[in-house]
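Visitor: I am new to this structure, and I would like to learn how to read it step by step.

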Amino acid sequence: MNSRELAWEIRKKTLEIIHNSHSSHIASIFSVADIIAVLFSEILKLDSKNPKWEKRDRLILSKGHAGLALYVALQKKGFFDEKFLDTYCKDGSYLFGHVSYKNVPGVEVSSGSLGHGICIASGMALAAKINNQNHRIFTIIGDGECDEGSVWETALFANHYELNNLIVIIDHNKMQSLDFCENTIKLSNLADKWKAFGWDVFEVDGHNHEELKKVLQNTENKKPKCIVAHTIKGKGVSFMENNILWHYRDPQDEHYLKAMEELEKAKP
Ligand SMILES: Cc1ncc(C[n+]2csc(CCOP(=O)(O)OP(=O)(O)O)c2C)c(N)n1
């Protein structure tokens with residue numbers, strides 16, 4: 001399955017599960033679907049039969065409310081079966097609305113309390129350096145998440161320790177849960193801020209697989225790397241795109257059918 005097919009599978013399956021479980025965050029999932037698909041198809045060195053393989057790359061999805069996208073990618077890559085995936089948000093399931101590592105093969109850490117993923121990732125990156133290990137640590141954070149002070153403490157920390165094995169991808173959809181980022185706490189030019197903190201910074205279209213592949217494949221950097229991925233919240237379903245309602249809204253039958261029709265038409 002190539003990255004475009006995986007992204008499509010992620011959108012389709014997450015929509016189906018969100019609808020069945022009456023849960024939320026579909027727009028956040030659609031925003032990050034292409035980034036996750038490219039990482040799992042082309043970039044991450046992983047072994048689904050040995051999820052704790054020591055030399056594996058690490059991925060932390062810090063915007064843990066979009067965790068269903070990660071769960072679907074892991075399932076499609078063979079870390080667990082579809083029956084397990086379909087327990088999402090049901091009584092007794094290990095698969096919650098925010099990412100949990102407990103009993104879920106392939107998940108590195110639990111997330112959802114925003115601002116923590118990058119801190120854990122930088123600790124992992126420093127540990128890998130101390131132990132002379134060559135794996136890379138990727139973390140995906142939200143732009144609203146950049147309101148957290150811990151993100152900027154880590155930006156200083158990673159620069160200080162020259163963590164060139166750390167790659168931060170910002171899902172820059174310009175929205176957070178209740179409003180646009182600029183109306184909440186101004187981020188202004190995010191790329192300039194990371195540059196000022198001493199990082200190698202790249203800006204890409206976060207739905208363009210070629211651009212994502214190119215920037216993610218090149219990890220020969222001397223500094224920690226920040227990829228500002230310009231995305232659209234709700235990408236792939238016209239009435240969800242850039243519509244803040246779909247951060248939390250549970251798609252009813254009519255929304256589900258309409259969204260599914262659009263996704264079917266866009267099948268790669
Ligand atoms: C520490 C913390 N504060 C508040 C929340 C509630 N919350 C959940 S999602 C969200 C918005 C996140 O926005 P962003 O990081 O831009 O993610 P995206 O728009 O991609 O969903 C907030 C504030 C949280 N999960 N953690």
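The dialogue below takes up the sheet and then a pair of helices.

Guide: Please keep in mind that this is a predicted model, in which local features need pLDDT of at least 70 and side-chain atom pairs count only at pLDDT 80 or more, while totals for chains, interfaces and linings use all residues. Residues are numbered from 1 along each chain as its sequence is written.

Visitor: In which order do the strands of the open sheet lie?

Guide: Strands of a sheet pair through backbone hydrogen bonds, either parallel or antiparallel. Here five strands form an open sheet in the order β1-β2-β3-β5-β4, with parallel pairing (strands are DSSP runs of E, at least two residues, and helices runs of H or I, at least four, numbered from the N terminus; two strands pair if DSSP finds at least two bridges between them). The edge strands, β1 (58–61) and β4, each pair on one side only.

Visitor: How many bridges join β4 to β5?

Guide: Six bridges join β4 (residues 200–205) to β5 (residues 225–230), and Asp205 has His230 of β5 as its bridge partner. Strand β3 (residues 166–172) also pairs with β5 over six bridges, where His172 has His230 as its partner.

Visitor: How do the axes of α1 and α3 cross?

Guide: Two packed helices are described by the angle between their axes and the distance between the axes. The axes of α1 (residues 3–21) and α3 (residues 67–76) come within 9 Å and cross at roughly 120° (axes are lines fitted to C-alpha atoms over the stretch in contact, with angles from 0 to 180 degrees between N-to-C directions).
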